[in-house]
Each structure stands twice: as C-alpha cells, then as structure tokens.
Amino acid sequence: MVQKGFYFDMTTCSGCKTCQIACKDVNNLEVGMLFRKVYDFEGGKYPNPWSFSLSISCNHCANPKCVANCPTGAMYKRLEDGIVIHRREKCIGCRMCLWSCPYGAPQYNEKSGKVGKCDGCAALVDQGENPACVDACLMRALHFGDIEELKKKHDGTADVKGLPNSATTSPSLVIKPTTQARR
Amino acid sequence: MFLEEWPLLLFTLLSQAAIGTFFLSTLFETLLPSNQEDKATAFIKTGIPIVGPLMVAGLFLSFFHLGSPLSAVFASPNLSSWLVREILSTSVFFALWVICFVAAKKANLTPVLQWTTAIVGLFAVFCMASAYTNSIRPAWAHLNTYFIFFAATFSLGLIGTTISVAGCNGKRVLSSEITTTLRKVVLSAVVVILVPLLYQPFFLSSLSAGEPAALASANLYGKDYLLPMILRWLLTLTGIAVLYYYVRSQSQKFYAFSMKLVCTATCLIVAGELLGRCLFFVTAVSTQIDVFH
Amino acid sequence: MMNWIKKAENYAMSRRTFLEVTGATIAGSATLSGCGLSKESAPQKPLSAQGHWISAACWHNCGGRCLNKALVREGVVIRQKTDDTHPDTPDFPQQRGCSRGRAQRQQVLGVDRLKYPMRRKNWAPGGGKKEMRGNDEWIRISWDEALDIVAGEIKRIKEKYGNSSIFIPTGSELPRVLSLYGGYTMRWGQVSWGAWPDVYPFITGVKSQGDTDGNDRFRLRKSKLIILWGANPALSSRGNPAYNLLQAKQAGAKFIVIDPIYTESAKLFADQWVPCRPATDTTLILGMIHHLVTNKLHDQAFLDKYCVGFDAEHMPPGVDPKENFKDYLLGTYDSTPKTPEWAAAICGVDSATIRALAVEYANSKPAAIITGGAPARINNGEHLPHALLTLGFVTGNYGIPGSGVSPNMHNRSTYAGPTMVKPGPSGIPGIPNPLSKIKINNGEMWDAVLNGKYTDGDRPQKEINIQMICHGFGSALNQRAGLMRGIEAHKKVEFVMSQNYVLNTDAKYSDVVLPVTTQWEVDGGLLTGNSEILIYYQKIMNPLHEAKPDIWIATEIGKRLGLDTGKIDPLPLKQSVFNQIAGATVIKPDGKGYEKLVTITAADIVELGVKGTVQSGRISYKEFRDKGIYQVPRGSGDKLEFTSFTDYLNDPEKHKLQTVSGKFQIFSQELSRHIQSFGWTSKSPIPKYEPSREGYEDGVKDGYPFQLITVHHARRSHSTFDNVPWLREAYPQDLWLSTADATKLGIKTGDIVKIIGRGGMAIRPTYVTEKIMPGVVALGQGAWADFDENGIDKAGSVNILYGPIATGQGHTGYNNCNVKIEKYPKELLPDVKWPQRVIFKEV
Ligand SMILES: Nc1nc2c(c(=O)[nH]1)N[C@H]1C(S)=C(S)[C@@H](COP(=O)(O)OP(=O)(O)OC[C@H]3O[C@@H](n4cnc5c(=O)[nH]c(N)nc54)[C@H](O)[C@@H]3O)O[C@H]1N2
Ligand SMILES: Nc1nc2c(c(=O)[nH]1)N[C@H]1C(S)=C(S)[C@@H](COP(=O)(O)OP(=O)(O)OC[C@H]3O[C@@H](n4cnc5c(=O)[nH]c(N)nc54)[C@H](O)[C@@H]3O)O[C@H]1N2
Ligand code: SF4
Ligand code: SF4
Ligand code: SF4
Ligand code: SF4
Ligand code: SF4
Ligand SMILES: [Mo]
C-alpha cells in the first residue's frame with residue numbers, strides 16, 4: 001500500500017491561512033469547523049522574538065487511534081492509499097475519535113450530531129487532482145503525495161514544537177521546521 | 001467539555017453502582033453462614049432488583065451522549081473499540097442480571113450464575129475504564145483510571161448492598177451473623193476504595209513528569225482542584241466510616257437513628273463519588289496541538 | 001458547583017497561564033463551537049464534473065490581483081478554486097488567490113447581502129428625524145419609490161442650496177448623473193501612498209508615486225541585501241510577492257526588516273529585525289547618513305555626479321548654499337548634528353544598531369530598499385520619502401540590477417517596471433464635473449460639513465454648505481480619519497444615500513440604501529493587477545434578490561431628473577468589455593513596444609452579440625475567456641527584466657531626469673513651495689526631520705503614551721470582507737500590545753482593553769506579544785464601526801480614534817495616532833459570534 005500524506009515547509013509558510021479557507025470552501029464548513037487549521041506560535045524575547053505557523057489537518061496516520069477507537073467503523077483507513085475517511089452515515093456522534101486524535105482533526109458538529117474531518121480531499125485525489133488546500137498555498141509550502149517519497153525528498157520530521165509526540169499515531173506528515181520549532 | 005459529558009459521567013456512576021451492588025451482594029451472600037440462607041434469599045429478592053433499574057437509567061442516559069443516537073444501530077461494530085466492548089459487556093451483564101432476577105423469583109438462582117454475572121460486571125467496569133485509558137488525555141490514559149473506576153464500583157456497591165440488607169430486614173435488628181458478614185464486606189470493599197487514594201501521589205508525580213497535557217492535568221489536580229479533591233475524599237471516607245459505624249451499632253431502639261445513618265452514609269458516599277467523577281472529567285486535558293513540548 | 005462549571009469553561013485560560021510559564025504562547029484561541037451557515041459537517045466534495053468552472057471577479061482594492069474561479073451548477077456556486085491554467089514554477093507562477101478571495105463566495109452569497117431598496121423609518125423629505133440615522137429601523141420600499149426619493153432629494157437640494165451642496169465622497173456611476181445635472185462637490189486626498197506621490201516626481205523626475213520603480217521580481221534575485229522598510233508584502237500584497245521574495249532569499253539575499261512589528265514578512269525573511277517608532281524613520285535615516293558621511297563611507301562621486309543639494313558645492317543656482325543637506329546633517333548652523341545618538345533618542349533604535357545598519361547598507365551592493373506606504377502614511381510626512389531616497393543617493397545604491405529605493409506596495413510589490421499587458425479603452429467617455437474645482441480634503445470633509453468651511457490651497461478658506469452625501473463604491477465614513485465627526489456630519493445634512501451590497505458603516509448612517517449587484521452578477525469585465533497579468537472575469541450568476549447594477553441605478557435617477565440617459569450609459573457592458581478586450585495590448589518579448597493581445601474572429605463577434613472588427617493577436621478570444629487570464633511568459637534573464645534609473649546611471653547627460661536640475665534633487669525648492677501651496681504645513685527643501693502631528697513627540701507631550709499604527713488587516717480589504725464569517729473566524733481583530741507594556745498595565749492576552757484616542761474610544765481583546773515594539777500598539781484598520789450604548793466602538797474601527805488632520809499634500813497620516821490603553825472591566829463576545837447585519841429575511 002502507498003501511504004499518502006502531507007509535507008509542510010514551515011520555513012516558507014507565511015501563516016496566511018489561505019489553505020484553511022480553501023478547505024472551508026471545498027468542504028462547505030460552517031464557523032467552528034476547521035478541517036485544516038493554521039496555528040501561530042511565538043516565543044523569544046523582544047527584540048529577538050521568533051514565530052512560526054503550523055498548518056495542520058488530519059494526518060492520515062499509519063496508526064490511527066481514531067479508527068481503532070471508533071465503535072461503528074465510521075472512521076476507516078482506505079486500503080489503497082491510507083487516507084483516513086469518515087463515513088458520515090455511520091457516525092453516531094460518540095466523539096471517541098475526538099478523544100483519540102492528538103491533532104484535533106475530527107471535529108464535532110453540535111447541530112448535525114456528527115463528526116467531520118479532513119478526508120484528504122479523497123474525491124479530488126481520486127480524480128488525479130491535489131487536495132484543495134495544497135493547490136491554494138500562496139507560498140507553495142504544502143504538498144501531498146506518497147509519504148515515503150516526501151520523506152525521502154525532504155528531510156523533515158513530524159515532531160516539532162507544538163505538535164504532540166508522533167509515536168502516538170505515526171502521522172503521515174513531514175515538516176521542515178524552523179530552527180526554533182525543532183525539538 | 002465537562003458539562004457536555006454529563007451523560008457519560010452519570011452513565012459510568014450508575015452502571016458502576018449497579019455492578020458494585022451486584023458484586024458485593026453476591027459476595028455478602030457467599031460469605032453469609034449457611035444457617036442464614038433464608039434470610040439471604042429474602043435479601044436477594046429485594047436487593048437484586050435495584051441493579052436493573054440502575055443499569056437501565058445509566059444506559060438510557062448514555063444515549064444523551066451520542067450526537068446521533070438514532071444511527072446507533074451498528075451494522076458491524078468495531079470490536080477493537082473499547083466503547084464497543086464496554087457496551088457489549090454491560091449488555092451481557094444486564095442480560096445475565098435479567099436471568100438472575102427471574103431465577104431468584106423462581107428460587108433457583110445458583111451461585112455459579114450469580115458469580116458469572118458479577119465477574120462479567122467487573123469486566124464491564126474494566127472495559128469502561130479502558131475506553132478512557134485509550135484516549136489521548138494523559139490523566140485518563142493511566143492505571144489510575146482503573147483504580148478510580150473500581151473504587152467507585154465498590155463504594156457505590158457498598159451502599160447498594162447495605163441498603164438492600166437493611167431493607168430486607170425490615171424493622172428487625174440485624175442478626176449478628178449478618179452484621180459480621182456485612183462488616184467483612186465493608187472491610188474488603190474499603191481495601192479497593194483506598195487504592196486510588198494511596199496511589200494518588202504516584203499518579204500525580206507520573207503526570208508531572210509527562211508531556212504538557214499531563215503536566216497541565218497535574219497542575220489542575222495539585223492546584224486548582226486541590227480543595228475539591230480533598231473534599232471528595234473526606235466525603236467518601238466519612239461516608240464509609242458512618243456506614244461502618246451503622247453496621248456495628250445495630251439495635252432495635254436505634255432503628256430510626258440507624259436509618260438516618262444509612263442515609264447519611266449514602267449521601268456522603270454518593271456526593272464523594274459524584275465529585276470525584278466530576279474531577280475526573282474536568283482535570284483531563286487533551287494532548288493537542290497548541291501546547292508546547 | 002457553579003464555580004467549577006465556570007472553571008471548566010475557563011480552563012482554556014488556565015492553559016494559557018501554563019503556556020506563559022513555558023515561555024511560549026499561541027496566537028488566538030482554539031475554541032470550537034458550532035454557529036454559522038450550513039448544516040453539513042462533511043458533505044461530498046463538489047467535483048469539477050458536477051458543474052462548470054467560470055473565472056470569477058475578485059475586484060477589491062486588496063493589494064493583490066489573482067485568478068479565482070467558481071464551480072457553478074445550475075446557477076449555484078458550489079465551490080471555488082484558483083489559478084490552475086498552467087503548471088506552477090517560481091519563474092512562471094500561478095496567480096493564486098488569497099484567503100479573502102477564496103471566501104468571496106461567502107461575501108457574494110452571504111445572508112447579510114442587501115436584498116431590497118430600503119429607507120429609514122423616520123425619514124421624511126428634508127431628513128425627518130435626522131438624529132436617528134444609524135439607529136433607525138429599516139423599511140422595505142420598491143425600486144420606484146427609492147429612485148423617486150433619491151431623484152426628488154437631488155432636485156430639491158440642488159434647487160434650495162445649489163449643486164455644491166451635493167457631496168459625493170466616492171460614487172458609483174452617480175457622479176455621471178450629477179455631472180450632467182450641474183455638478184457636485186468632490187473629495188480628494190491620498191490615503192494609500194502617504195507622502196510619496198507629490199514628493200517622488202520632484203526628487204526623481206518620474207511622474208508617479210514611485211511604485212513602478214525599483215526592481216522587478218527577477219532583478220530582486222540579484223540583490224545582496226533587501227531592506228523591507230515598513231513593508232509587509234506577505235500580508236498587504238497577497239498573491240505572489242512574498243513568494244517572489246522567497247526566490248530572492250533563496251538566491252542569497254540578506255533581509256533586514258525595519259518595522260515596529262515583527263511581521264509575517266519578518267518571520268519569513270528577516271535576518272535582522274529593527275523595530276523603529278512609527279513616524280520617526282526619518283531620524284533613523286539621518287542617523288545612518290550621519291554615520292556614513294562622518295566616516296567617509298558615503299559615495300561622494302555618485303552625489304557629485306547625479307544629485308544636487310547634498311553639500312554647499314552642489315547647490316542649485318540662486319539658493320543660499322548654507323541650506324544644503326550636509327550642513328543640516330552635521331548641525332553646522334543649527335548646532336544639532338543628526339548623529340545616531342540624536343536619532344536613537346527619537347526613533348528608539350539604539351545608536352550601535354543605527355551605525356551597523358548604515359555600514360551594512362553602504363557596503364552591500366546591490367541593495368534594495370523596498371518600502372510600503374505605511375512609514376509615509378504620517379502627518380506632514382514629506383520628509384520621509386525624501387530622506388529615504390537620499391539614503392540611496394548617499395550610498396550610490398542606484399541603477400544597478402538589484403539596487404534602488406522604491407515604494408513597491410500593493411500589487412506593485414516585486415513587480416516594478418512597465419505594465420506588460422493592459423486593457424484597451426472601454427469606449428465610454430467620461431463626463432467632466434462642472435464643479436471640479438470644489439473639492440474637500442479627506443482631513444477636512446466632515447468638519448466642512450459641520451462648520452461650512454474648507455481649505456482651498458494657500459488662500460483664505462472657502463465656504464461650503466453640504467446638505468447631501470452620496471456613498472457608492474467606497475466607505476468614506478468608515479475608512480477616513482475622523483469617523484466620529486463623520487457621524488455628526490451625517491446626522492446634520494438633509495439627505496444621505498448609499499449604494500452597496502452590504503450594510504456597511506456608510507449605509508448604516510444613510511436615509512436610503514440601494515442594493516447593488518456584485519461583480520459576480522454582471523456581464524464580466526477585465527481586472528489589472530501586477531504588471532504581468534490581465535484577468536477576464538465572467539458573469540457567475542443572475543442578480544440576487546432585487547439587486548441592480550450601479551449603472552442601472554444611475555440611469556434611472558437620470559431619467560427622473562430629465563437627463564439624457566444615452567450619455568449616462570452610452571454602451572452596454574458587454575460592448576465596453578469587448579472594446580477593452582479588442583484593444584488589449586501586450587509587451588513584445590524584446591520589451592520594445594506592444595502588440596494586440598487577442599485574436600477576434602467573426603464568429604466571436606456574432607457569439608458575443610457586439611459590434612467589432614476581426615483582428616489577430618497573441619491568443620484566441622476563447623482561450624482568454626476560458627482561462628480567464630493572460631499572463632506574460634517570463635523567465636530569468638529575459639528582455640523584460642527591470643531596474644529603474646539604469647539609463648540615467650549609464651549616461652546622465654543623455655538621459656537627464658525630468659527634474660528641474662535634470663538630477664536627483666536632495667534639495668528641492670520646488671517641492672517645498674508645492675507643499676506650502678496646499679495651505680497646511682511646510683516642507684523644508686531638504687529632507688529635514690519635521691515631527692508629525694500626533695507623532696511620538698506629541699504623544700509624550702500630551703500624555704498619550706502609546707503610538708497606534710493601523711495596519712492593513714489580513715481579514716479584509718479595508719472594510720470589505722469584514723463581515724465574512726470564515727474570515728472573522730480566521731483572523732481576530734485584536735489589539736497588539738507588547739509584553740513589556742502589558743506587564744506594566746497588568747493586561748493578559750484575551751483581556752478586553754479600552755483604546756482611547758483624541759477622537760473616540762474603542763474596546764477590543766488584547767494580544768500580548770513579543771513581536772511589537774514597546775510603546776507601540778497596533779490594530780487592523782477597516783472593522784465596521786459598531787457602538788455600544790455609551791458610544792464606545794466595540795469593533796475596533798480605528799478611524800473613530802482620530803480627529804481628522806489635514807497636512808502636507810493632503811494625504812492622511814493614518815499611522816499617527818496617540819492613544820491611551822486601559823483595562824476594560826466588561827466582557828466582549830468575539831466578533832465572529834456577533835449577529836450578522838441581516839435586515840430582511842428572504843420572503
Ligand atoms: N490584507 C490586506 N492587504 C492590503 C490591503 C488590505 O486592506 N488588507 N489594502 C491594500 C491597500 S489599498 C494598500 S494602500 C496597501 C497598504 O500597504 P502597506 O502600507 O505596506 O501596509 P500596512 O499594513 O499599512 O503597513 C506595512 C507595514 O508598515 C509598518 N509601519 C507602520 N507605520 C510605520 C512607520 O512609521 N515606520 C515603519 N518603518 N513601519 C511602519 C506596519 O507595522 C506594517 O507592518 O495594502 C494593500 N493590501
Ligand atoms: N485608519 C486607517 N484607515 C485607512 C487606512 C489605514 O491604513 N488606516 N488605509 C486607507 C487606504 S490605503 C485605503 S485605499 C482606503 C480604502 O477605503 P475604501 O476605498 O473606502 O475601501 P472599502 O472599505 O473597501 O470600501 C469599498 C466599499 O465599496 C463596496 N463595493 C464593492 N463593490 C462595489 C460595487 O460594485 N458597487 C458599489 N456601489 N459598491 C461596491 C464595498 O462593499 C465596500 O463597502 O482606506 C483607508 N483607510
Ligand atoms: S490525525 Fe487524528 S483523525 Fe487523522 S488519522 Fe491521525 S488520529 Fe485519526
Ligand atoms: S463520533 Fe462518529 S466517527 Fe467519531 S468515533 Fe464516534 S462514530 Fe466514530
Ligand atoms: S485535504 Fe481537503 S479536507 Fe483535508 S485539509 Fe486539505 S482541503 Fe481540507
Ligand atoms: S496557505 Fe501555505 S503559506 Fe498560507 S498558511 Fe497555509 S501553508 Fe502557510
Ligand atoms: S489578493 Fe486580492 S485579488 Fe487576490 S484573491 Fe486576495 S482579495 Fe482576491
Ligand atoms: Mo490604499
């Protein structure tokens with residue numbers, strides 16, 4: 001199986017959140033639901049501050065706790081490319097996935113009583129397109145593809161400051177961190 | 001987070017109360033000298049019935065936790081999910097209880113059936129706890145959760161058992177056999193109840209040494225919620241002490257007073273456990289993105 | 001129990017405290033709560049095959065220009081995308097849209113779109129209860145009634161007070177009507193480029209504000225050093241500029257960012273961040289030059305050959321040589337040498353840094369200084385552009401690829417040079433305003449309404465009696481300094497009308513509001529942006545509700561006034577768009593001259609139903625339409641690369657500058673006279689530091705300890721997009737406060753503070769950060785003013801804070817605002833949770 005995933009170049013991300021909005025558009029998300037979210041971090045001391053942004057969605061983990069803990073199989077991992085999909089009709093809104101994902105990827109919608117989550121734009125990917133967020137990126141900092149290839153091409157990590165330990169779920173995510181974001 | 005989880009909170013408490021009651025009643029009955037058997041039967045007739053309604057209430061409330069309860073008919077439950085295991089095991093426990101209940105009515109309840117049910121109950125508590133220990137909240141993903149859940153099972157079960165025993169004896173003074181047995185039951189439960197309290201320092205220090213979310217939980221326990229935490233244990237321990245005093249001070253003329261003791265103990269223990277469970281939920285900080293490592 | 005429940009809710013707060021302990025904080029909170037438009041949490045993604053893609057206008061004054069497309073199915077927009085018309089490379093990048101453009105759908109189709117013409121309940125001819133403007137109820141009226149009211153009031157007011165009493169700060173097509181009807185009073189004044197526009201031509205001879213000078217994106221890859229001086233392209237030139245600068249960085253340029261804020265661009269590029277007090281940059285520049293000159297690190301040969309006015313030996317004829325720049329710098333006559341120490345005391349940059357900065361800049365060739373309008377967007381700030389250009393002259397950093405000093409802001413950031421592809425003329429003749437001489441400056445307009453006087457140059461003030469205000473494609477009330485005075489003015493006049501598609505601040509204080517179509521609902525058009533692209537957008541959908549195009553409104557009003565409607569709307573939109581396409585030209589690959597862009601066939605003309613002639617050009621009409629864009633092919637080393645002043649540098653005799661001396665003017669008597677002629681403030685002929693009104697010095701003197709800068713905000717294009725929920729959610733409107741100041745005031749991130757200016761008060765949540773200079777606070781400009789019962793603005797609409805001040809060339813000093821900051825005891829709901837301004841539910 002090819003495992004697909006994201007590469008994120010933190011050193012060139014401006015934190016503009018275009019990816020976040022493109023995602024809201026393609027998924028038609030209401031306020032409160034962010035399948036991709038850009039987080040801004042800062043540190044240091046004036047006049048030597050530093051900051052970096054993290055653009056994070058579901059990481060389509062190799063070891064997805066959300067899938068393991070979902071009682072209904074609504075969360076499931078596609079065999080062909082490892083994308084973790086959420087099947088709405090099977091979801092009972094028990095929120096076990098929220099308790100299971102260290103990345104805040106599944107989000108509960110009070111109104112519909114169901115969860116929603118980044119599905120790697122599987123429908124677009126199946127048509128040979130890129131996920132909406134990737135093609136939206138103004139700094140070309142986001143990439144999607146075979147995670148092993150991406151890992152080979154960019155020497156990165158999924159363990160940066162601000163992110164939970166990757167050992168928990170083995171995210172399909174490679175990040176090129178800024179100096180201060182290194183762990 | 002804490003508020004929206006109230007159905008789960010009550011579900012765990014109610015089902016643990018039910019399972020605890022069943023288990024300790026079974027223990028009580030087993031320990032009771034054989035010459036008291038008729039009394040035991042009488043006791044079971046009044047005692048076991050409360051288990052069912054508690055379970056029903058718990059399961060009913062648990063539905064409020066689900067965003068789409070109507071979709072909750074699983075075509076193919078994911079057996080690797082502890083939530084599924086929890087639901088299955090509580091269902092089996094409930095089914096066994098129904099059988100016990102009917103058998104008791106027909107007076108052919110066997111200890112094997114009773115103990116099987118009790119053990120399945122404990123397994124359900126184990127599954128319940130595992131649903132939490134498999135989460136990404138470090139304060140839950142901990143041995144401590146098992147201790148807490150079993151302790152609650154036993155303290156609430158103790159009340160259920162005591163009330164049943166007291167209740168089935170009507171206004172009669174409890175026989176010394178019964179009080180002695182009850183004392184044994186209380187003491188053995190106390191051992192389980194005290195485990196999380198004794199474990200607390202180890203729990204907190206292991207949290208403090210952990211990742212940021214763990215540390216945040218440790219801070220909540222150790223600072224923000226220290227007083228409620230102390231209160232929680234005072235309530236439970238006082239409740240148990242009162243209960244123990246009641247068991248020892250059985251006499252006809254004190255009947256009214258004794259009932260007050262039972263009520264007081266019940267209130268104290270229930271309050272203690274409820275508070276404890278609230279704290280369990282409120283202090284569980286999720287591992288998440290916005291926390292620095 | 002209650003207490004714990006509260007605790008549980010506040011637990012996000014305790015997390016924050018915890019973060020402070022670990023020495024790191026996160027911007028913005030992560031609260032997730034459902035509230036918004038659609039019910040679906042994860043609907044199926046609309047696939048391309050399920051509709052067709054149409055290029056969609058993104059038409060705002062947003063600092064960029066990008067290709068956006070809408071997927072339309074049965075007249076309904078189901079999603080958007082951006083440029084994918086060609087593979088993306090750094091040399092030939094796609095024109096990708098920003099977050100705002102990607103949320104356009106939520107603006108155009110927002111629940112808060114104005115649906116019907118409406119009027120204020122307590123309106124009556126002459127105004128009715130005028131004081132209720134802004135707080136009245138709205139009544140739905142028919143188009144006929146609305147147009148009758150507007151035409152009736154125009155007629156009545158014209159007859160009673162004369163044409164000059166009709167004031168159109170920004171109109172949409174209505175000016176055409178009034179120009180035919182005897183004229184109207186106009187508004188004027190630079191808001192974007194600060195003091196650059198009138199200074200740049202006098203110093204360099206180039207008739208522009210300087211935005212097309214400097215280097216194009218390829219030449220920037222040759223710079224050794226790039227100084228972003230009060231420029232934050234990553235935020236205010238969305239689209240490709242930051243990506244282009246990334247190429248320069250990867251090609252080896254070192255970056256220095258001089259800005260009171262550690263910006264997104266600083267984060268991306270800065271090797272060094274130099275925080276500087278707003279409106280005091282000139283002192284920093286003078287300090288740098290002082291160090292260079294006194295240490296002979298300056299380029300005397302360059303100054304001698306290419307400039308006038310540097311020293312006594314190189315002064316223009318007929319002026320006192322003592323007035324030269326060098327002697328001012330050295331303090332020869334005013335006994336104040338402009339040393340780094342002198343500068344440090346004012347600008348807050350320590351003298352060692354000033355010296356190092358000077359040396360670094362002088363020794364790095366080529367070095368490019370790129371500035372935005374912001375540092376010059378200060379009162380009487382003409383000295384800033386003059387000084388900054390002079391810094392370039394003193395080091396001779398001009399004329400070689402990768403060098404220069406230029407305000408490349410907006411969509412000219414990293415796109416200096418000639419416009420390579422441009423639309424042809426539309427064929428619609430302009431209609432001159434018979435009263436074109438009557439114009440009121442931004443800094444005086446509301447006072448003029450209230451007091452009846454305005455400045456008309458270096459002469460006594462003139463009288464004016466404004467009785468009608470018409471708002472169109474602009475937000476004069478919300479976007480000009482002195483909003484509180486503006487509201488008073490709006491409550492004084494007899495009639496106020498607005499044309500808009502949302503109830504912005506201007507519309508809110510109007511008597512009659514006319515709902516207009518957005519550019520998604522009209523028959524297409526062309527949009528220009530950076531120098532390499534031309535965008536052709538199409539109609540996406542039919543007008544929503546009862547919205548009408550501005551030109552239809554103008555025509556209907558004209559009809560009612562008995563005017564020749566053929567003059568108001570001489571051509572159907574389709575035809576004028578076609579004319580622009582047919583006339584569009586593109587630069588030839590050798591850079592010498594232009595050629596036709598579009599091939600037009602007889603079939604195209606028939607299909608479009610327009611008048612035209614067959615022509616041949618570089619691309620077919622259909623390709624242009626389907627792609628929605630033409631982008632000039634570019635590559636490294638092509639003939640279109642651009643650096644300004646190379647000719648002048650190579651041969652100063654043959655390519656004399658268009659200045660009085662033919663050289664760069666470090667001394668310009670003409671500039672000085674020119675500024676004087678506006679009638680407000682003076683400007684020395686040399687780049688002399690002249691403290692700004694409401695600058696740092698005034699703040700200290702008057703007891704306003706904080707300097708507020710009002711930056712362009714990520715959420716919006718000025719006031720446009722401020723209402724879009726997705727954008728509100730993404731970008732909070734917080735006051736930035738330095739950790740040092742916050743500690744003194746006992747304020748934490750998330751606390752609500754009151755911001756007190758000389759003109760009004762606002763409340764906002766605070767973002768406490770290490771990324772801003774102590775003494776400086778920042779708040780994004782453009783929020784829709786929204787007052788509580790005490791007249792305090794809850795939205796943080798910055799223009800309520802200023803009293804309007806007119807200085808210099810009549811530009812607005814938006815980055816001069818002295819404020820006080822106080823902790824505010826009450827809570828404030830995040831603005832994303834505020835109800836949207838929905839006036840009528842759809843029926
Ligand atoms: N997102 C967004 N982008 C926009 C717009 C928008 O509304 N929103 N509007 C567009 C328009 S019309 C314009 S005119 C441009 C404006 O473009 P700019 O003028 O470049 O933008 P600003 O954000 O006002 O300021 C840029 C930087 O200058 C800094 N600055 C402010 N005052 C001073 C000063 O006195 N000295 C120094 N050294 N730095 C200072 C600010 O901290 C800020 O980081 O933006 C365009 N782009
Ligand atoms: N304090 C402070 N104030 C500032 C600035 C600052 O830095 N600080 N920046 C200044 C700058 S640089 C600028 S350029 C100005 C910009 O200020 P404005 O030019 O006033 O820009 P907007 O606020 O975008 O107003 C545009 C309005 O037109 C409406 N509109 C859009 N399309 C149409 C249409 O087709 N027809 C009609 N009738 N209406 C339409 C929009 O809904 C919106 O209400 O703001 C200035 N204000
Ligand atoms: S990021 Fe979270 S939701 Fe996505 S696969 Fe991993 S555990 Fe599951
Ligand atoms: S909320 Fe839905 S997706 Fe999440 S674990 Fe429960 S059933 Fe599965
Ligand atoms: S892949 Fe699709 S769903 Fe996932 S974050 Fe990107 S745009 Fe959103
Ligand atoms: S669009 Fe790209 S640059 Fe902007 S925040 Fe997302 S990842 Fe970063
Ligand atoms: S930069 Fe301007 S034109 Fe481009 S998408 Fe953003 S708002 Fe639209
Ligand atoms: Mo502007």
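A disulfide is taken here as a pair of cysteine sulfur atoms within 2.5 Å. By that rule, the count over all chains comes to zero. The structure is a predicted model, in which local features need pLDDT of at least 70 and side-chain atom pairs count only at pLDDT 80 or more, while totals for chains, interfaces and linings use all residues. Residues are numbered from 1 along each chain as its sequence is written, chains are lettered from A and ligands numbered from 1 in the order in which they are written, and side-chain values use heavy atoms, with hydrogens and water left out.

Cysteines do turn up around the ligands. With a residue counted as near when one of its heavy atoms lies within 4 Å, 13 residues surround ligand 3, and the closest are Cys58(A), Asn59(A), Cys61(A), Cys66(A) and Cys101(A). This shell holds nine nonpolar residues, three polar and one charged; the nonpolar class is Ala, Val, Leu, Ile, Met, Phe, Trp, Tyr, Cys and Pro, the charged class is Asp, Glu, Lys and Arg, and the others, Gly among them, are polar. Ligand 4 has 14 residues around it, with Cys70(A), Cys91(A), Cys94(A), Arg95(A) and Cys97(A) coming nearest. Its shell divides into 10 nonpolar, three polar and one charged.

Turning to the strands (DSSP runs of E, at least two residues, numbered from the N terminus; two strands pair if DSSP finds at least two bridges between them), an open sheet of three strands in chain A has the order β8-β1-β9, with mixed pairing. Its edge strands, β8 (142-146) and β9 (173-176), each pair on one side only. Five bridges join β1 (residues 4-9) to β8(A), and these two run antiparallel. Lys4(A) has Asp146(A) in β8(A) as its bridge partner.

Key. Helices (H or I, at least four residues) and strands (E, at least two) are DSSP runs, numbered from the N terminus.
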